[in-house]
Amino acid sequence: MQFLEEQVLAAGHKVLLVAPEANGPNPHALNPNRREIRLPSVPIPGAGVRLSMGQDFDYRLAQMVANPPDVIHIHGLGSIGLLGMWVAERTNRPMVITWHTDLEAYAEHYWHLMPLMNAAYKVYKMHLDKPSWAAIMKQNMKRPRRGGAQVALLELAANMLTDADLVTTPSDKTAKRVLEIAPNAKVRVVPNGTDALPVLPPISKHRGPRLIYVGRISVEKGIGLMLDAFELVRDQIPNAELMIVGDWKNTPKRLRRKLQRASRFGGVKLPGQIPREKLGAYYASGDAFVFTSLTDTQALVLHEAAHAGLPFIMVDHELRLVVEPGVNAVLARPNQVSLAGAMVGMINALKDPEFAERARARSMEMAARWTIDNQSKEFVEIYEALAAGQPVNTTEDLKPDYGRRIFPSRTVHAPYDRPPATDSD
């Protein structure tokens with residue numbers, strides 16, 4: 001968001017940022033063309049996020065309706081995203097939604113958040129509509145069974161996405177998910193950009209091959225799968241090391257204990273949270289980057305690793321902006337045996353200097369296409385066109401995967417064959 005703000009301000013426009021309360025400096029805070037509204041929020045235990053529950057919404061809604069922006073850009077389906085939608089509805093201003101999250105995938109891991117968001121939406125919707133007491137009595141405010149809140153939120157998402165003047169996504173993968181939820185949405189793929197990190201001397205090398213992961217350490221990132229697979233790798237390559245860079249101390253207890261055990265006995269290194277400006281030294285020390293998440297919509301850490309020339313071992317077959325299987329990546333299925341095989345295969349392949357150099361060059365070449373400057377300029381062009389009432393091009397040839405498995409954990413053991421017709425049929 002800060003990179004995008006920088007480009008919008010540099011183009012001579014004004015910015016109003018509306019977001020939950022959070023710590024941390026903003027380099028554009030003193031720019032006279034920028035305002036910021038921070039709404040009271042509460043931390044959600046175990047999720048690592050803060051959610052605004054609607055305090056001050058009445059005042060802020062009236063404030064923005066009285067002096068509306070020319071374009072409203074919403075990021076995701078949080079409560080503040082709903083506030084942006086209501087401002088757009090009341091002021092008839094163009095609305096852009098950037099869809100960052102695979103809502104269905106995250107709902108599997110953070111299902112306990114869905115009733116909370118659903119209840120907050122219902123309460124505030126009633127307040128805005130000023131219903132009669134009879135209408136209020138008809139509202140079902142009971143905690144929905146698991147899955148019920150997700151269904152309601154997906155219906156809300158479908159309405160938001162369809163009503164938006166434009167939906168942007170950071171990858172084709174996410175664009176297809178949007179069209180599965182809202183087939184009539186106007187979608188354009190605008191990959192998030194990232195620039196190469198400062199080049200630093202690598203931290204101390206390991207005596208054997210080092211696989212590395214950098215990023216948020218949580219259940220939905222597949223860290224447990226990564227640890228299980230690496231345990232099998234160590235059986236074949238005892239001097240291999242897996243370095244997991246991130247804040248592991250604030251993970252759920254079960255995962256934290258698994259990480260501690262792997263660190264103590266299984267060749268896993270846990271350096272903790274590292275400032276971004278120092279991460280280049282860690283990327284430079286790795287031989288390959290392991291990515292086991294299936295919930296990411298683009299994963300900027302892949303771009304950072306590609307800038308550093310690292311090849312990839314992945315279970316997500318849809319994230320392809322900096323990944324070319326067989327050239328700079330090995331793909332696996334999301335199980336520990338397949339992933340362990342991919343890890344061993346990559347380690348062995350990197351023993352060939354020609355393959356290693358080709359993989360390094362391809363990663364850096366693909367990363368160079370997706371810069372912060374290119375992404376931000378594209379958004380500024382979108383804003384200017386929408387504010388002027390001009391049409392905005394959408395991405396063509398997006399084919400949603402309506403046939404993907406609805407129950408990914410269910411296995412069909414025997415197909416059904418229709419018996420041959422008989423005279424009694």
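## Terms and basis of the model

Two residues are in contact when they have heavy atoms within 4.5 Å of each other. Helices (H or I, at least four residues) and strands (E, at least two) are DSSP runs, numbered from the N terminus. A residue is buried under 20% relative accessible area, exposed over 50%, and partly exposed in between, with a 1.4 Å probe and protein chains only.

The model is predicted; local features need pLDDT of at least 70, side-chain atom pairs count only at pLDDT 80 or more, and totals for chains, interfaces and linings use all residues. Residues are numbered from 1 along each chain as its sequence is written, and side-chain values use heavy atoms, with hydrogens and water left out.

## The chain as a whole

The chain contains 15 helices and 14 strands. Of its 425 residues, 46% count as buried. Among contacts with a separation of 6 or more, 65% are between residues 24 or more positions apart.

Helix α12 covers residues 300-307, and seven of its eight residues are buried. These buried residues are V301, L302, H303, E304, A305, A306 and H307. Their cover includes the helices α11 (279-285) and α14 (353-367), together with the strands β9 (210-214), β12 (288-291) and β13 (312-314).

A299 lies in the loop between β12 and α12, and its phi is near 70 degrees, a positive value in a residue other than glycine. With a relative accessibility of 9%, A299 counts as buried. G309 follows α12 and has a positive phi near 80 degrees. Most residues other than glycine have a negative phi.

## How α12 meets α14

Two packed helices are described by the angle between their axes and the distance between the axes. Axes are lines fitted to C-alpha atoms, for helices over the stretch in contact, and angles run from 0 to 180 degrees between N-to-C directions. The axes of α12 and α14 are 7 Å apart, at an angle of about 125 degrees. That angle makes α12 oblique to α14; angles under 35 degrees count as roughly parallel, over 145 as roughly antiparallel, 65 to 115 as roughly perpendicular and the rest as oblique.

The crossing of α12 and α14 is left-handed; this term applies if the near helix is turned anticlockwise from the far one by less than a right angle, while clockwise gives a right-handed crossing. H303, A306 and H307 of α12 make the contact with S363, M364 and A367 of α14. By class, this contact of α12 with α14 has three nonpolar, three polar and no charged residues. Ala, Val, Leu, Ile, Met, Phe, Trp, Tyr, Cys and Pro count as nonpolar, Asp, Glu, Lys and Arg as charged, and the others, Gly among them, as polar.

W370 is placed in the loop between α14 and α15. W370 is buried, with a relative accessible area of 17%. Leaving out residues up to four places away in sequence, W370 touches P191, N192, G193, T194, H303, L321 and V322. W370 and N192 are 178 residues apart in sequence, while their C-alpha atoms are 7.1 Å apart in space.

Helix α9 (residues 223-236) and helix α13 (residues 336-349) have axes that come within 8 Å and cross at roughly 55 degrees. The two helices are therefore oblique to each other, and the crossing is right-handed. The contact is made by residues including M226, A229, F230 and V233 of α9 and M343 of α13. By class, the contact of α9 with α13 has twelve nonpolar, two polar and one charged residues.

A nonpolar core is a set of buried Ala, Val, Leu, Ile, Met, Phe, Trp, Tyr and Cys residues joined through side-chain atoms within 4.5 Å. The largest nonpolar core has 61 residues, of which I244, F289, F312 and M343 touch the most other members. Beyond its neighbours within four places in sequence, M343 is in contact with L211, M226, A229, F230, V233, V290 and I313. Another core, of 34 residues, lies apart from the largest one and has L61, W99, L156 and A185 among its members.
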